[in-house]
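I opened the model and its sequence side by side and kept short notes on what I looked up. The entries follow in the order in which I made them.

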Amino acid sequence: MDELSIMDMEENQDNDKPPSLSPRPVKPWRVAVIANVKGETILPMNGPADAGAEFDRRETIQAIQDAIETDGHSTIFLPADSNLPFALSQVRPDICFNIAEGIAGDGREAQVPALLEMLGIPYTASRVQANAISLDKTMTKRIWRDNGLPIAEFQEFTDVNEPLSRSLHFPLFVKPAREGTGMGIDDRSIVYNMRELRERVSWILNDYHQPALVEAYLPGREFTIGVLGRSDAALYSPNPELYGSDGFHQFPAEEIDHFRCVTPGVYSHYTKTLALDEEGVPRFICPAPIDAELALTLHRLAVRAHQTIGAVDISRVDMRMNEQGKPCLIEINTLPGLTPDFSDLCVIANASGVNYRKLILEILYLGASRYGMMEPAAHPIPVMQTRIPEYVALRK
Ligand SMILES: Nc1ncnc2c1ncn2[C@@H]1O[C@H](COP(=O)(O)OP(=O)(O)OP(=O)(O)O)[C@@H](O)[C@H]1O
Ligand SMILES: [Mg+2]
């Protein structure tokens, strides 16, 4: 008997079951995990030294496949390269679990979502526009600024000789406008004078072939906040108790204490390559030692940051305190790293009792429910409220 007939049989058996409180998949699915693999994806020529740093390891892809298979689905890994359109038409997955970073271009994290939308194949996490916006840190900050969310002053340089805006004062922080995993970020990202600024901007323009984002340096504590949920998440989650009245799970904040690490004051690319027990690694503290009011402020700020760029279901938002001790948004990762026990989001989830399997399945089922692939819970979840509480704490 082929795989599909087995699925059909199981589906019929499922139909005989009484409705349960928990929502469940309409049938076991064929799930394709789509990713770029370190050392396997071919990179464009002339890239920077740290190109490909955000690609995933085979072990991470396997861990995602294992987690998905525990719930009865079959999985296959498809590399996110130029062969992907052909692979997809052969495999015809029911849904894709997308973690692909993309290969090149100004919106590379949106490449796979764009292809899947064109082919009409469901996929997890954020869609095309949000993935393209979040990769572009300048564009993201413009949207946050327009929505009244707190950010550091900034200026984007496409020409090394551009005059520095009068509203920016040294020290400044300089980084590539469209990278992740700390690419192009080290202790020389903090610049103290015009000569250092020009040198750093010139290096980014030449080596990274993209604009340089120059920001006011935020000297305070740094936090990264996981975002999981949606206004109707509890209706589709196997774990509705995870979601609060805003429809989002409030993860504990993670603090990154990099003040005594190998690149003091900067969560740099190099520190992101170190194992958690290696010399010079920052201290990761989760839950962060902060009071409940600040924890709620950071959660609400992260949710607003996620919503205003149109992200869905999952993300991780980085923020740091300014001189006045107010949290400012740095950037959002709509495809946060999912390396078990290592990536910030996995560490944060573990700290709140959401193990790896649960995290992966939440992302899968929240994604699937947006395509009508899930039956909602038979009974409404009483705590649900569709409106997100206003982001008030910082406006006081
Ligand atoms: N304006 C700033 N002021 C102070 N520190 C900053 C600023 N911008 C970035 N940083 C530091 O650099 C680090 C990396 O910056 P950012 O989060 O923008 O890079 P990334 O490569 O996108 O990170 P990720 O690995 O989360 O994708 C931050 O975690 C923070 O330590
Ligand atoms: Mg970051």
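**Ligand shell**

I began with ligand 1 and found that β5 (172-176), β12 (313-321) and β13 (327-333) each supply at least two residues of its shell. Helices (H or I, at least four residues) and strands (E, at least two) are DSSP runs, numbered from the N terminus. The largest share of the shell, 3 residues, is from β13. I listed the 21 residues around ligand 1, of which F173, G180, E215, L218 and Y267 come nearest; a residue is near if its C-beta atom, placed from the backbone, lies within 6 Å. Sorted by class, the shell has 9 nonpolar, 4 polar and 8 charged residues. Here Ala, Val, Leu, Ile, Met, Phe, Trp, Tyr, Cys and Pro count as nonpolar, Asp, Glu, Lys and Arg as charged, and the others, Gly among them, as polar. Domain 2 (153-216) and domain 3 (222-395) each give at least three residues to the shell; the domain bounds come from an automatic or database assignment.

**Conventions**

I noted that this is a predicted model, in which local features need pLDDT of at least 70 and side-chain atom pairs count only at pLDDT 80 or more, while totals for chains, interfaces and linings use all residues. Residues are numbered from 1 along each chain as its sequence is written, and chains are lettered from A and ligands numbered from 1 in the order in which they are written.

**Whole chain and core**

I counted 12 helices and 13 strands in the chain. Of its 396 residues, 44% are buried, that is, with 20 or more other C-beta atoms within 10 Å of their own; 12 or fewer makes a residue exposed, and in between it is partly exposed, with C-beta atoms placed from the backbone. The largest nonpolar core has 91 residues, and I34, I64, V174, V214, I225, M319 and L329 touch the most other members. Such a core is a set of buried Ala, Val, Leu, Ile, Met, Phe, Trp, Tyr and Cys residues joined through C-beta atoms within 7 Å. Helix α12 (residues 356-369) gives this core its largest share, 7 residues. A second, separate core of 5 residues includes M183, I185, I256 and V266.

I then looked up V214. Beyond its neighbours within four places in sequence, V214 has contacts that include F154, F157, V174 and V201; a contact means C-beta atoms, placed from the backbone, within 7 Å.

**Strands**

I traced an open sheet of 4 strands in the order β4-β7-β5-β6, with antiparallel pairing; two strands pair if DSSP finds at least two bridges between them. β4 (154-157) and β6 (190-191) are at the edges with a single partner strand each, so one side of each has no neighbour in the sheet. β4 pairs with β7 (residues 212-216) over 4 bridges, and F154 is opposite E215 in β7.

Elsewhere, β1 (residues 30-35) and β3 pair in the parallel sense over 4 bridges, with I34 opposite N98. Strand β3 (residues 95-98) is covered on both faces, I95 and F97 being buried on one side and C96 and N98 on the other.

Which peptide bond at P171 did I check? The bond from F170 to P171 is cis, with omega near 0°, and P171 is in the loop between β4 and β5. C286 and P287 are also joined by a cis peptide bond. T181, not a glycine, has a positive phi of about 55° and lies in the loop between β5 and β6.

How values were computed:
Two residues are in contact if their C-beta atoms, placed from the backbone, lie within 7 Å.
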